[in-house]
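Colleague: I would like to learn how to read a few features of a protein model. Please take them one at a time.

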Amino acid sequence: MTISFEGRVAIVTGAGGGLGRAYALELARRGARVVVNDLGAGRDGTGHSDAALEVVAEIEAAGGQAMADGGSVTDPGQMEAMVARATHAWGGVHILINNAGILRDKSFAKMEIEDFRAVIDVHLVGSAICTKAVWAGMQAQNYGRVLMTASSTGLYGNFGQSNYAAAKLGLAGFARTLALEGARANIRVNTIAPTAATRMTEDIFPPEMLGLFRPDLVAPAALYLVSEDAPTGAILGAGAGVVQAANITLTRGVKLDEATPEAVAANWAAITDREGEIVPQSGAEQAMTILQRLQGN
Ligand code: NAI
């Protein structure tokens with residue numbers, strides 16, 4: 001069945017280039033009216049450009065509908081104004097893709113707290129600010145699809161990216177909780193961990209890989225996660241046309257006979273044994289499994 005976004009209004013942050021641009025173009029091609037947000041910053045988050053305007057022109061040239069927004073995701077007033085403009089023009093916002101991001105890579109030993117804060121501010125707090133700006137409207141219209149952008153760095157770690165990792169895993173936790181809070185109002189919230197050759201990753205992809213890791217090959221996973229029949233609470237990895245699911249798992253664990261650090265050491269193999277591992281659907285489920293172990297199950 002064709003996945004259509006006809007009649008839907010979508011906001012994509014950081015859509016002046018890279019992955020966000022690819023999402024915006026494909027959403028528009030499939031019928032969505034798209035707000036292309038981007039303040040046009042450099043890779044470290046400083047500076048300005050008209051990147052969003054260019055993507056709007058591209059969408060319009062292809063027969064789609066879009067509006068540009070040059071606001072920063074870190075500014076609640078600007079994000080509220082963006083949502084108000086979209087709602088005024090098009091009647092509401094159904095889809096939000098939190099994609100804007102910056103990098104301030106350095107080993108933690110050399111990282112200033114200012115660089116830690118700046119990255120958390122754009123990725124994590126910025127996503128909260130944008131989501132907050134659409135949330136009440138989505139609840140009122142009983143429809144919303146929100147996508148957070150995590151990263152393999154957040155899920156699994158990467159040397160030199162402690163600030164970015166903290167922000168990105170934070171986003172996955174944010175999404176899992178909003179998936180629970182949004183369920184009653186038909187708001188579904190998912191997470192994508194993309195891999196693509198963009199400005200952000202230009203130093204790490206060898207030239208022969210650029211064609212393989214095109215941003216438009218991530219768009220299918222992102223679009224599915226904001227579609228009518230999207231799941232909720234899912235974390236997908238996507239790159240070069242490969243789509244994977246990531247899960248935060250929990251082992252069965254062990255009820256210690258004696259609650260001592262020595263007993264943890266002695267039981268390490270059993271504690272970390274992945275046989276019977278589960279994927280809890282909420283934090284409360286972990287407490288349930290603890291009670292089960294106490295009952296000898
Ligand atoms: P990109 O640098 O091309 O895109 C990021 C965009 O966000 C830029 O256009 C930038 O101007 C915009 N932006 C930065 N700060 C902003 C702010 N305060 N307000 C509004 N816009 C702002 O890089 P790319 O690769 O397209 O990244 C998109 C997202 O995907 C980011 O969240 C990134 O962390 C994430 N990601 C990308 C991966 C990759 O392999 N390219 C890997 C994992 C995650």
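Modeller: Start with a polar contact: a pair of N or O atoms within 3.5 Å; within protein, one must be able to donate a hydrogen and the other to accept it, and residues adjacent in sequence count only if both atoms are side-chain atoms. Here, a polar atom of the Asn-190 side chain lies 2.8 Å from the backbone nitrogen of Ala-234. The backbone nitrogen of Gly-233 is 3.1 Å from a polar atom of that side chain.

Colleague: What kind of model is this, and how are residues numbered?

Modeller: This is a predicted model, in which local features need pLDDT of at least 70 and side-chain atom pairs count only at pLDDT 80 or more, while totals for chains, interfaces and linings use all residues. Residues are numbered from 1 along each chain as its sequence is written, and side-chain values use heavy atoms, with hydrogens and water left out.

Colleague: Is Asn-190 buried or exposed?

Modeller: Buried means under 20% relative accessible area, exposed over 50%, and partly exposed in between (1.4 Å probe, protein chains only). Asn-190 has a relative accessible area of 0%, so it counts as buried. With contact meaning heavy atoms within 4.5 Å, and leaving out residues up to four places away in sequence, the residues it touches include Val-146, Leu-225 and Pro-231.

Colleague: In which strand does Asn-190 lie?

Modeller: Helices (H or I, at least four residues) and strands (E, at least two) are DSSP runs, numbered from the N terminus. Asn-190 lies in strand E6, residues 187–195.

Colleague: How do E6 and E7 pair?

Modeller: Two strands pair if DSSP finds at least two bridges between them. E6 and E7 have five bridges and pair in the parallel sense. Thr-195 stands opposite Gly-239 in E7. E7 covers residues 235–239, and five of its five residues are buried.

Colleague: Which strand does E7 join in the antiparallel sense?

Modeller: That is E8, residues 242–245, joined to E7 by four bridges. Ala-238 stands opposite Val-243 in E8. Two residues separate the strands of this hairpin, and Ala-240 has a positive phi near 55°.

Colleague: Which residues are closest to the ligand?

Modeller: A residue counts as near a molecule if one of its heavy atoms lies within 4 Å of it. On that basis 29 residues surround the ligand, and the closest are Leu-19, Asp-38, Asn-99, Tyr-164 and Thr-198. A polar backbone atom of Leu-19 is 2.8 Å from a ligand oxygen. For the side chain of Lys-168, an N or O atom is 3.0 Å from an oxygen atom of the ligand.
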